[in-house]
Amino acid sequence: MTFPFEALSACRAELEAEATINDGPAAFPHHGLDRLRALGVLSAALPQACGGHGFGTEAHGASGLLHMLRLVGHGSLALGRIVEGHVNALRLIACYGTQARMAQATAAVHDGALFGVWVTDGAQPLAMEAGDGTVTLHGGKAFASGVGHVTHALVTAATQGGNVHMLLVGVADTSRVHHGPDGLAGMRGAGTGRYDFTDMVVQAECMVGQAGDYLRQPEFSAGAWRAMAVALGGIERLATVLREQLAARGRAQAPAQQARIGDALIAAETAFLWTHRAAMLAAAPDRHATGDIAATVNLARLAVERAGLEVIGLVQRGLGLAAFVRTNPAERLLRDLATYLRQPAPDETLCEAAGWFTHRDLPRMEAT
């Protein structure tokens, strides 16, 4: 069975309309998520043996996952963030979890579960205390996407000795949810908030992998390409909006506007090429050095950010004040993309990648 890419592409306007409606009240995209679930987006990341397409969990699924995430990003970056987190959780379970854990996750997904990865600590970092077959948690997670809607969260927690473990925890208890942060400019529909795990007791079998697995390279850095794929969708959509609105105004033939359209198309294609390179490299860890993969994906992350910021500037200059009017779809797209591009530690990421390649060449990609 093939994945319904055409059907996913066809629902872009539907997802975009919901994102616009939900922006003001910062409402979660329930309808859009249900639509994607019905199309098989949430189960697509499962291995083929588990009834999925292997998007993100098997090497052959990298190009399919890239295409799927960018199409979701065309319609809603907030929804793309939710889907990306879901895929990331399943990827980490597939990489480091047991067969039994993967089987449990598979059953949950087929039953409609939504997974997420919450690793940013709150005011009190998440800590774990092992007991007799159980683990007691203390502290919380902040900037948790989909909080109150995600059913299973893969979280990182530290022992008293400083070892960091991954745990897959049920997070359906809404009394532990704290919404916010208030006033977030973009990505308002992603359901970002805090979750308090204090005094939660879970079974020891909730642990995924071994201590330190979450930060293990190249997976830790390589996984960033999936966020790039969602951002790519937003970049491509903004470039299209620029072309459509200039044409509708009869301004697309003005030389300055044609230059902006051309520059936006170049930036969008640059973002695609770097994202594709990162995805293909990350999908073949046995053929490339760990350092090469991590450093290349880090360079790609910065290249996509620059492309996105360039398109944002081009749209703002090309559309003028119209780009800042709330009723213009471009206005929300600009805020969402600017917020989504704020990934952590960009300067450190660039310097680490440059340091790795100072005395090495970028890895060559095999012809396909």
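**The cysteines and their surroundings**

Modeller: The closest cysteine sulfur to that of Cys206 belongs to Cys50 and lies 19 Å away, which is too far for a bond. A disulfide is defined here as a pair of cysteine sulfur atoms within 2.5 Å, and a search of the whole structure returns 0 of them. This is a predicted model, in which local features need pLDDT of at least 70 and side-chain atom pairs count only at pLDDT 80 or more, while totals for chains, interfaces and linings use all residues. Residues are numbered from 1 along each chain as its sequence is written, and side-chain values use heavy atoms, with hydrogens and water left out.

Cys206 is buried, since its relative accessible area is 14%. The term buried stands for under 20% relative accessible area, exposed for over 50%, and partly exposed for values in between, with a 1.4 Å probe and protein chains only. Cys11 is also buried, at a relative accessible area of 1%. Cys11 sits in the loop between helix H1 (5-10) and helix H2. The helices (H or I, at least four residues) and strands (E, at least two) are DSSP runs, numbered from the N terminus. With residues up to four places away in sequence set aside, Cys11 touches Arg35 and Leu39; contact here means heavy atoms within 4.5 Å.

His74 belongs to helix H4 (residues 62-75) and counts as buried because its relative accessibility is 16%. Its side chain makes a polar contact of 2.7 Å with the side chain of Glu236. A polar contact is a pair of N or O atoms within 3.5 Å; within protein, one must be able to donate a hydrogen and the other to accept it, and residues adjacent in sequence count only if both atoms are side-chain atoms. Beyond four places in sequence, His74 touches Arg12, Glu16, Gly233, Glu236 and Arg237.

Helix H5 (residues 77-96) has 20 residues, which at 1.5 Å a residue should span 28 Å, and its end C-alpha atoms are 28 Å apart, in agreement. The expected span is 1.5 Å times one less than the number of residues. Of the 20 residues of H5, 17 are buried, so the helix is largely enclosed by the rest of the structure.

Turning to the strands, an open sheet is formed by 3 of them in the order S4-S8-S7, with antiparallel pairing. Strand S4 (140-144) and strand S7 (177-179) are at the edges with a single partner strand each, so one side of each has no neighbour in the sheet. Direction ignored, neighbouring strands of this sheet are turned by 20 degrees against each other on average; the axes are lines fitted to C-alpha atoms, for helices over the stretch in contact, and angles run from 0 to 180 degrees between N-to-C directions. Two strands pair if DSSP finds at least two bridges between them. S4 and strand S8 (residues 193-196) run antiparallel and are joined by 3 bridges, and Ala144 has Gly193 in S8 as its bridge partner. Phe143, also in S4, has a phi near 50 degrees, a positive value in a residue other than glycine. Phe143 is exposed, because its relative accessibility is 54%.

Strand S1 (residues 115-118) directs Phe115 and Val117 one way and Gly116 and Trp118 the other, and all are buried. S1 runs parallel to strand S5 (residues 152-158), to which 4 bridges join it; Gly116 stands opposite Ala153 in S5. Strand S9 (residues 200-203) has Met200 and Val202 on its covered face and Val201 and Gln203 on its uncovered one. S9 pairs with strand S3 (residues 134-138) in the antiparallel sense over 4 bridges, with Gln203 of S9 as the bridge partner of Thr134.

Ala26, in the loop between helix H2 (12-23) and helix H3 (30-39), has a positive phi, near 55 degrees, in a residue other than glycine. With a relative accessible area of 35%, Ala26 is partly exposed. Pro218 lies in the loop between strand S10 (207-208) and helix H7 (219-222), and the peptide bond from Gln217 to Pro218 is cis, with omega near 5 degrees.
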